[in-house]
Amino acid sequence: MQRARSPFAIAAIAAVVALIALLAYGLSQNEPDRDIEQALAQGERKDAPDFELDRLSGGGKGSLADYRGKVVVLNFWASWCDPCRDESPLLNRWHRRLSARDRGMVLGIDVLDVSDDARDFVREYDLGYPMLRDGEGDVLSRYGVIAYPETFVIDPQGRIAATRRGPVDDRFMREQVLPLVRARA
Amino acid sequence: VRRALPILLAVLLMGLPAAATAADCPRTTVGDVEDEVMCPVCGTPLELATEAPQAVRERALIERLVADCRSKEQIKDRLATEFGDEVLALPGGDGFDLAAYLIPALAVLVGAAAVGAAAIRWRRTRADSAPERGAPAPASAERLQSDLDRYEL
């Protein structure tokens with residue numbers, strides 16, 4: 001005959017199982033979101049998550065929806081990130097080039113940064129593209145950003161057409177951004 | 001002495017505002033703050049993140065605020081403005097963070113229940129194994145009586 005377990009043993013087992021489930025849930029929450037890349041790999045374009053953030057300069061708020069209808073090169077950066085320094089002059093040149101014909105633009109999002117340091121960075125590189133500030137990293141997680149810098153190319157319909165984990169270069173901009181701009185023209 | 005007196009007074013008067021400022025300045029240090037805040041990118045307390053570039057910038061900001069005579073609470077408020085409440089090394093009160101408060105409380109309850117259950121079980125076992133009280137066995141009674149007879153009380 002099988003011996004019945006005591007209520008205490010059952011409670012202890014339930015507590016251990018609950019703890020393991022909680023740990024698994026916590027780990028799953030910390031997993032980076034790879035949906036965007038998976039969609040691109042299948043030739044699909046996901047809708048870019050919209051957001052509203054404070055402007056880095058301090059003058060009100062800005063959102064992705066403000067730029068609907070244009071090709072947007074969405075760049076996540078921080079002043080403490082060395083590769084961001086390397087790519088900023090290139091992004092600035094491309095912003096001038098795209099915005100001159102009103103076909104596209106670069107939109108910078110400063111993330112997890114000291115705002116004074118970020119403003120110094122913008123002044124130092126004389127960056128002319130709009131800058132928003134995601135101090136708490138909320139937008140960062142919605143785009144699955146795990147390293148800095150990261151760039152998302154958003155088509156005029158507000159869908160993500162390409163990504164670059166790491167600094168962009170001229171070749172990426174020519175291959176991923178120019179076709180969208182030309183298609184829009 | 002008469003010549004030195006005005007100079008001495010002037011020196012004292014010049015020193016007074018500085019002394020007052022020093023008294024008003026809250027005495028906090030980078031070390032005192034960095035064990036209570038997080039490095040948001042590293043996901044660790046700032047004091048453990050020594051090399052990370054973001055931690056270096058965050059520490060530099062704290063140094064500037066300490067030099068600017070800000071109190072620990074003011075510095076933490078400024079960091080929360082910059083990086084959100086998650087920069088404070090305290091879990092939030094909702095979602096998964098709530099587990100940080102619930103699990104220790106639950107562990108205390110389970111521990112107390114375990115101690116209680118163990119105590120009840122121990123008392124029962126002890127009661128079961130204790131010898132029955134009452135008259136001793138005849139052999140023992142006989143031996144006890146003979147022992148008592150040997151002693152003159």
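Residues are numbered from 1 along each chain as its sequence is written, while chains are lettered from A, and ligands numbered from 1, in the order in which they are written. Because the model is predicted, local features need pLDDT of at least 70 and side-chain atom pairs count only at pLDDT 80 or more, whereas totals for chains, interfaces and linings use all residues; side-chain values use heavy atoms, with hydrogens and water left out.

**View 1**
Chain A holds 6 helices and 7 strands, where helices (H or I, at least four residues) and strands (E, at least two) are DSSP runs numbered from the N terminus. Along the sequence these elements of chain A follow the order α-α-β-β-β-α-β-α-β-α-β-β-α. Chain B has 6 helices and 2 strands, which run α-α-β-β-α-α-α-α from the N terminus on. Of the 185 residues in chain A, 45% are buried, and for chain B the buried part is 18% of 153 residues; buried means under 20% relative accessible area, exposed over 50%, and partly exposed in between, with a 1.4 Å probe and protein chains only. A contact means heavy atoms within 4.5 Å, and among contacts in chain A with a separation of 6 or more, 69% join residues 24 or more positions apart. The corresponding value for chain B is 46%.

A pair of aromatic rings is described by the distance of the centres and the angle of the planes. Rings of Phe, Tyr and Trp (its six-membered ring) pair if their centres lie within 6.5 Å, and planes under 30 degrees apart count as stacked, over 60 as edge-to-face and the rest as tilted. By this rule there are 7 aromatic pairs over all chains. One of them, A:F76 with A:Y143, is tilted, at 5.5 Å centre to centre and 55 degrees between the planes. Since A:F76 lies in strand β3 (residues 71-77) of chain A and A:Y143 in the loop between α5 (138-142) and β6 (150-154) of chain A, the pair ties together parts that are 67 residues apart in sequence. The rings of A:F76 and A:F152 form an edge-to-face pair, because their planes stand at 85 degrees with the centres 5.8 Å apart. This pair links strand β3 of chain A, which holds A:F76, to strand β6 of chain A, which holds A:F152, 76 residues apart. Both A:F76 and A:Y143 are buried; the relative accessible area of A:F76 is 0%, and A:F152, at 0% relative accessibility, likewise counts as buried. Ring pairs join A:F51, A:F76, A:Y143 and A:F152 into a cluster.

**View 1. The second largest pocket.**
Rolling a probe the size of a water molecule over the atoms shows where empty space is left. Two or more lining residues come from each of β1 (52-55), α4 (115-125) and β5 (131-134) of chain A and from α4 (72-83) of chain B, and β1(A) gives the largest share, 4 residues. By class the lining has 2 nonpolar, 4 polar and 11 charged residues, where Ala, Val, Leu, Ile, Met, Phe, Trp, Tyr, Cys and Pro count as nonpolar, Asp, Glu, Lys and Arg as charged, and the others, Gly among them, as polar.

Most residues other than glycine have a negative phi, and most peptide bonds are trans. The peptide bond from A:Y148 to A:P149 is cis, with omega near -5 degrees, and A:P149 is in the loop between α5 and β6 of chain A. A:L112, in the loop between β4 and α4 of chain A, has a positive phi near 45 degrees and is buried at a relative accessible area of 6%. B:Q54, in helix α3 (residues 53-67) of chain B, touches A:L112 as well as A:W80, B:C39, B:P40, B:V41 and B:F83, not counting residues up to four places away in sequence.
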